[in-house]
There are 2 protein chains.
Amino acid sequence: MNVNVLRLDHRLKRDTRITTHVCLTARAFGASKIYLAGEEDNKLMENVRDTASRWGGNFEIEHTDAYMGVINAWKDNGGKVVHLTMYGSQAHEVAPEIREDGSDILIIVGGSKVPGKVYKAADWNVSVTTQPHSEVSSLAVFQHLLMDGKEFDLEFENPVFEVIPTAHGKNVNIHDENR
Amino acid sequence: MNVNVLRLDHRLKRDTRITTHVCLTARAFGASKIYLAGEEDNKLMENVRDTASRWGGNFEIEHTDAYMGVINAWKDNGGKVVHLTMYGSQAHEVAPEIREDGSDILIIVGGSKVPGKVYKAADWNVSVTTQPHSEVSSLAVFQHLLMDGKEFDLEFENPVFEVIPTAHGKNVNIHDENR
C-alpha cells in the first residue's frame, strides 16, 4: 500500500510550522510523498527535503496548483482517498476496512475551509476523535491506525542520522558516508 | 489513571499555534490538565479555555514558572513521569508497561532544548518513531497508545457542540443550554 498526503490551503508564514510538522509526520508514519496545495513555499519544501535527506528514505514533496487534479489522478490510477475531518466517520471504526481494502491511499489534510467537493471526492471522510485538536495529530493517529503500528518498524535507507532508542540519554549513529 | 501534560519552553508568537495544538491534543486524547512552562501566554490560555468550554469536559490549563516543581510535586503524589523525546525507548514497546503500572501519568513535551535533569526525572523517556516529526503527533500517538484506543469513547460533559460522526457532510448537535 502506497500512502501519499495532500495538504490543502497552505498559507505562507502563518502555516509554516504546522505544515512542516504535517510533512514530517507524513514521512515518519510511512507516506512516500506529500503534495502541498495553497501558496507555494519553496523554503518550507527545501527544509523538509533537507531533513528527509539527513534522516533517510525517499520522501518526496511537491507543490500543486490544482489539488482536484491530484485527487482525480489518484482515483484514475485505482487509488482511494481519505479526507480527515472532525465530522467524518470514526477513525478506529473505518481504519481496518481501509487497510484491508489494500488500495493505495491519498490522505487529505484540510486547511481552514474545505470545499464540499473534497468531501464528495473522498472514499472515506474520517474523524480522529470528534473533538477539535490538530491536523498534525489527526494525521499521525490515522496513519498509525492505517499502518496498524508498522510505522514503528519502518527503515529509512541511507540516513546520516539514526537514533538508537535508549531509556536514558541520547544515542545517535552518524553515518558520514551518507552525507 | 489521571493524565496531565507539561509543555516546556513555550515562546510567545513563535509557538502559539503549535502549543495550542498541543493543548487541544492533550484534551482530546484524555488529559485533564496541561501546564505551560516558558513565556506566559494569557491569550493562548484564554483561547484554549474557550474551545474547551464549547466542546465540553473539565480541561484545565495553567502557566507555571517552575516546571521542576510541577514534576517533583507529581512524583511526590505518587504519579509517574513520561518524557517524550525522539531519543527515548520506543513508544509501542513501553506503552503497555506504563499503562499497566496504573499510576497517574505526567507527560512532558519538550521545547527546543530540554535539559538533562528532565531526562533524569522521567520514569520513562519515550520516542514515538525514531524520526523527527512533531511534538503534536508524538503526544497524540503516545496518548492513543497509553489509552489503548479508549480516547475514541471519551465523553465530554455539557458541550455546546457535539459532532455526530457521519460518512458524508457535517452533523453537529448544538446544545444551547450549555452556552
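In this predicted model, the axes of helix 4 (residues 91–101) of chain B and helix 6 (residues 135–147) of chain B come within 8 Å of each other and cross at roughly 45 degrees. That angle makes helix 4 of chain B oblique to helix 6 of chain B. Beyond this packing inside chain B, the briefing turns to how chain A and chain B are related by a rotation of 180 degrees, and to the contact that takes 49 residues from chain A and 49 residues from chain B.

**Helix packing within chain B**

- Where helix 4 of chain B and helix 6 of chain B cross, the crossing is right-handed.
- On the side of helix 4 of chain B, the contact is made by B:Ala91, B:His92, B:Ala95, B:Ile98 and B:Arg99, while helix 6 of chain B brings B:Phe142, B:Leu145 and B:Leu146 to it.
- Sorted by class, the residues in this contact of helix 4 of chain B with helix 6 of chain B are six nonpolar, one polar and one charged.

**Relation between the two chains**

- Chain A is superposed on chain B by a rotation of 180 degrees with 0.0 Å of shift along its axis, and the RMSD is 0.0 Å.
- The two copies are thus related as by a two-fold rotation axis.
- Within chain A, the C-alpha nearest the axis belongs to A:Ser137, and it lies 2.3 Å from that axis.

**The interface between chain A and chain B**

- Because 100% of the interface residues of chain A are also interface residues in chain B, the copies meet through the same surface.
- Chain A and chain B bury about 4400 Å² between them, and carbon and sulfur atoms give 65% of that area.
- The residues of chain A that lose the most area to chain B are A:Arg17, A:Tyr87 and A:Phe152, which together account for 17% of what that side buries.

- The axes of helix 1 (residues 16–28) of chain A and helix 1 (residues 16–28) of chain B come within 8 Å and cross at roughly 55 degrees.
- From helix 1 of chain A, the residues A:Arg17, A:Ile18 and A:His21 meet B:Arg17, B:Ile18 and B:His21 in helix 1 of chain B.
- By class, the residues of this contact between helix 1 of chain A and helix 1 of chain B are two nonpolar, two polar and two charged.

Technical notes. Residues numbered from 1 in each chain as written. Chains lettered and ligands numbered in written order. Predicted model: local features only at pLDDT ≥ 70, side-chain atom pairs only at ≥ 80, totals over all residues. Heavy atoms only, no water. Least-squares fit on C-alpha atoms with pLDDT ≥ 70 in both. Contact = heavy atoms within 4.5 Å. Axes fitted to C-alpha atoms, helices over the stretch in contact; angles between N-to-C directions. Helix = DSSP H or I, 4+ residues; strand = E, 2+ residues; numbered from the N terminus. Parallel < 35°, antiparallel > 145°, perpendicular 65-115°, else oblique. Left-handed = near helix turned anticlockwise from the far one by under 90°. Nonpolar A, V, L, I, M, F, W, Y, C, P; charged D, E, K, R; others polar. Buried area = accessible area lost by both parts, 1.4 Å probe.
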